[in-house]
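These are my notebook entries on a single chain. I set down what I looked up, in the order in which I looked.

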Amino acid sequence: MKIALISFDNWGLNEGIAKVLKQDGHTVHHIDFHNFIYKYPNFYYKIYNSFLKVFFKKNIKNIYYGKEIIMRLEQIGEKQDLILTIKGDFIDRKYLKKIKNHTKKSIGFFNDSATRCPKIKKVASAFDQAFSFEKEDCEKLGLTFAPNWIYVENKNSSNGPFEFKVFNVCSKDKRLPILSRIITELKAKQIKHKIIVFSTGDKCSKSEIEFFFERISLEEISKYIEKSKSLLDIKRDGQYGLTFRIFESIGLEKKLITTNPDIVNYDFYNPNNILVIDEKNPEIPVSFFESNYEKLPEEIYQKYTIKGWVQNVLFHK
């Protein structure tokens, strides 16, 4: 089949989908619009864009992305059997509709919640079929449920030895107070951890959080993960869809500490491997780290691999 993947691949996670499709014999074009750089011609365009956002719910960048994507589809020339768009809420709806002229079937996948990203509500119906990792959005917007996928695998990483019991890396945002409470709990119980927060500004005063101000490479993050027995996941406010951190823990067979209570409803949930904590009063027993990771049944594990995800979303019946 001829398949085009259109995605805002800022972490390079979507390229794995393209690779799997190519391995299965499909002709694949990956249009990564994260690489499209829009520059305002002058200061007045910034003011104009602010006006568009407020009064018309439009964004010059979203229009630019749409135009560039259509141009690249025209350069491909051949009509595609499938076009999968990830982060379609970053593209103006007008151009999402034009994408359908270049394919027999247009599929959208959203791994943000409509609560955090309201544009999802406006663009979801522009696809022939749309999926979301957020169960509530599926119910309200008539989307099909599909979680994220395991993008990295290394089943030997659960063997140890481990320098840290807990590892987390995240951006500075509204989750900082939760993170601070978790760090206080870890220190109180002398649980060795490595938790770092990326910030574009100054670090918070009187904070015990370790801040860094230049992006850490995926290679460096991988080294910290390898040295850690468990990963920490803190859900965003208004979002219950499972983050890539959770699937990272599955693929690497790492224990997981998470503030997302909905994880207990998934078939891979195992209280030996996954500790659900209250973000207001996090309690992390030392005993959680005393047992080893328990392997998942292979049939469950395979559901969440990229191959399993592709089968579920692209060839969903």
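Entry 1. I worked from a predicted model. I began with Lys303, which counts as partly exposed because its relative accessibility is 45%. I then looked for its partner and found that the side chains of Lys303 and Asp267 meet in a salt bridge, at 2.5 Å from N to O. This pair joins distant parts of the chain: Asp267 sits in the loop between strand E11 (255-258) and strand E12 (274-276), Lys303 lies in helix H10 (residues 298-303), and the two are 36 residues apart. Asp267 is likewise partly exposed, at 34% relative accessibility.

Entry 2. I asked how many salt bridges the structure holds. The count is 14. I noted a network of salt bridges that links Lys87, Asp112 and Arg116.

Entry 3. I turned to Lys100, which forms a salt bridge with Asp128; their closest N and O atoms are 3.3 Å apart. Lys100 is partly exposed at 30% relative accessibility, and Asp128 is partly exposed at 43%.

Entry 4. I examined the salt bridge between the side chains of Glu136 and Lys140, at 2.6 Å from N to O. The two are separated by about one helical turn, because they stand four residues apart in helix H6 (residues 135-141). Is Lys140 buried or exposed? Lys140 counts as exposed, at 63% relative accessibility, whereas Glu136 is partly exposed at 40%.

Entry 5. The largest nonpolar core has 26 residues, of which Ile6, Phe33, Ile69, Leu73, Ile99 and Phe110 touch the most other members. Two or more residues each come from strand E1 (2-7), helix H3 (60-76), helix H4 (93-99) and helix H5 (119-123). H3 gives the largest share, four residues. I listed the contacts of Phe33 beyond four places in sequence; among them are Ile6, Tyr65, Ile69, Phe90 and Lys87. Another core lies apart from this one, with 25 residues including Tyr224, Ile263, Phe268 and Ile274.

Entry 6. Tyr45, Tyr48, Phe51, Val54, Phe55 and Phe56 make a nonpolar patch of about 660 Å². Tyr45 belongs to helix H2 (residues 43-56) and is partly exposed, at 36% relative accessible area. I checked the length of H2: its 14 residues should span 20 Å at 1.5 Å a residue, and the end C-alpha atoms are 20 Å apart, so the two agree. Just after H2, Lys57 takes a positive phi of about 55°.

Terms used: Residues are numbered from 1 along each chain as its sequence is written. This is a predicted model: local features need pLDDT of at least 70, side-chain atom pairs count only at pLDDT 80 or more; totals for chains, interfaces and linings use all residues. Side-chain values use heavy atoms; hydrogens and water are left out. Patches are made of residues with over 30% relative accessible area and no salt bridge: like charges are joined within 9 Å, nonpolar side chains (Val, Leu, Ile, Met, Phe, Trp, Tyr) within 5 Å. Accessible areas come from the Shrake-Rupley method with a 1.4 Å probe; for residues, only the protein chains shown count as cover. A salt bridge is a side-chain nitrogen of Lys or Arg within 4 Å of a carboxyl oxygen of Asp or Glu. Buried means under 20% relative accessible area, exposed over 50%, partly exposed in between (1.4 Å probe, protein chains only). The expected span of a helix is 1.5 Å times one less than its number of residues. A nonpolar core is a set of buried Ala, Val, Leu, Ile, Met, Phe, Trp, Tyr and Cys residues joined through side-chain atoms within 4.5 Å. Contact means heavy atoms within 4.5 Å.
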